[in-house]
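Have the sequence and the fold open side by side.

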Amino acid sequence: MHILDVGCGPGSITTDLATKVPHGKVIGLEPTAEPLEEARRLAAARHVGNVSFEVGDARTLPFPDQTFDIVHMHQVLQYLNPVDRTKALREMRRVAKPGGLVAVREADQGTITFYPEINGLRDFVGLYCKVARANGGEPDAGRRLHAWVNEAGFAKSDVTATAGTYCYNTPEERDWWSNVWSDRILHSPWAKSVLEGGHATQSDLDRLAEAWRTWGATEDGWYGIMHGEVLCRIR
């Protein structure tokens, strides 16, 4: 079993995939080298030896035709413009073997719901979607994913479309998720693009980060989001 994880980031999913195929081989691909050091450390810490990580572009995958049994992508297409999105999907199909699978999952920001309605969280969702579209992406990717794969040339009869969810409500989940977003709002390339694009001020970002921290500290806090999923069979 030969698996490719496109847009692997820090490698948590990639490493999990490798544990499922101990006699197989898994490659994680990321466009920049920086996250791959963390990915390699994670795999080493978990003593997973059948996984490797490479720098590469989803739009021009550096592999021959029909190389992989499974080509996987998680939360990447939503950041790409329509031309690059189609290129990436066609490349994933190209490197998948006949009889193999292309598997993709994308969030749908328009389905976000939370409790309680902390002042500022709806503003954050609106800002996130505005910035994503200004950068050429589509934050409501989940509901469109099945159509995107059809547009990229996958036959409808070969595509199984489903949905999944994230739900965070335990104290540990709320603490983790609220800190992920409060930190990203203040210290990330996303925050830089918000400020440089004139989409918000630093004081706006400070307010939104505080809203996430407030939600995370709320005993009855609850958060949910839907994701679109597709399994595409390769003929």
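In this predicted model, the axes of H6 and H8 come within 8 Å and cross at roughly 175°. An angle over 145 degrees counts as roughly antiparallel. H6 is therefore roughly antiparallel to H8.

Which residues make the contact between H6 and H8? From H6 come Arg174, Trp177, Ser178, Trp181, Ser182, Ile185 and Leu186. H8 supplies Gln202, Leu205, Asp206, Leu208, Ala209, Trp212, Arg213, Trp215 and Gly216. The spacing along a helix has a simple background. An α-helix has 3.6 residues a turn, so residues three or four places apart point the same way.

Now move to H4. This helix covers residues 121-134, 14 residues in all. From its first C-alpha to its last, H4 reaches 20 Å. That is close to the 20 Å expected at 1.5 Å a residue.

Which residues of H4 are buried? They are Leu121, Phe124, Val125, Leu127, Tyr128, Cys129, Val131 and Ala132. These buried residues pack against four elements: strand E6 (113-115), helix H6 (171-186), helix H7 (189-196) and helix H8 (202-216). So both partners of the antiparallel pair, H6 and H8, also meet the buried residues of H4. After H4 comes Gly136, with a positive phi near 95°.

Next, look at Ser12, which is found in helix H1 (residues 12-20). Is Ser12 buried or partly exposed? Its relative accessible area is 40%, so Ser12 is partly exposed. Leaving aside neighbours within four places in sequence, Ser12 is in contact with Leu42 and Arg46. Ser12 and Leu42 are 30 residues apart in sequence. In space, their C-alpha atoms are 7.4 Å apart.

Finally, step back to the whole protein. How many helices and strands does the protein have? There are eight helices and eight strands. The radius of gyration is 19 Å, close to the 18 Å that the globule rule gives for 235 residues, so the protein is as compact as a globular protein of that length. Along the principal axes, the C-alpha atoms fill a box of roughly 50 × 40 × 35 Å. Buried residues make up 49% of the 235 residues. Consider contacts between residues at least 6 apart in sequence: 78% of them join residues at least 24 apart.

Key. Residues are numbered from 1 along each chain as its sequence is written. This is a predicted model: local features need pLDDT of at least 70, side-chain atom pairs count only at pLDDT 80 or more; totals for chains, interfaces and linings use all residues. Side-chain values use heavy atoms; hydrogens and water are left out. Helices (H or I, at least four residues) and strands (E, at least two) are DSSP runs, numbered from the N terminus. The expected span of a helix is 1.5 Å times one less than its number of residues. Buried means under 20% relative accessible area, exposed over 50%, partly exposed in between (1.4 Å probe, protein chains only). Contact means heavy atoms within 4.5 Å. Axes are lines fitted to C-alpha atoms, for helices over the stretch in contact, and angles run from 0 to 180 degrees between N-to-C directions. Angles under 35 degrees count as roughly parallel, over 145 as roughly antiparallel, 65 to 115 as roughly perpendicular and the rest as oblique. The radius of gyration is taken over C-alpha atoms; the globule rule is 2.2 Å times the number of residues to the power 0.38.
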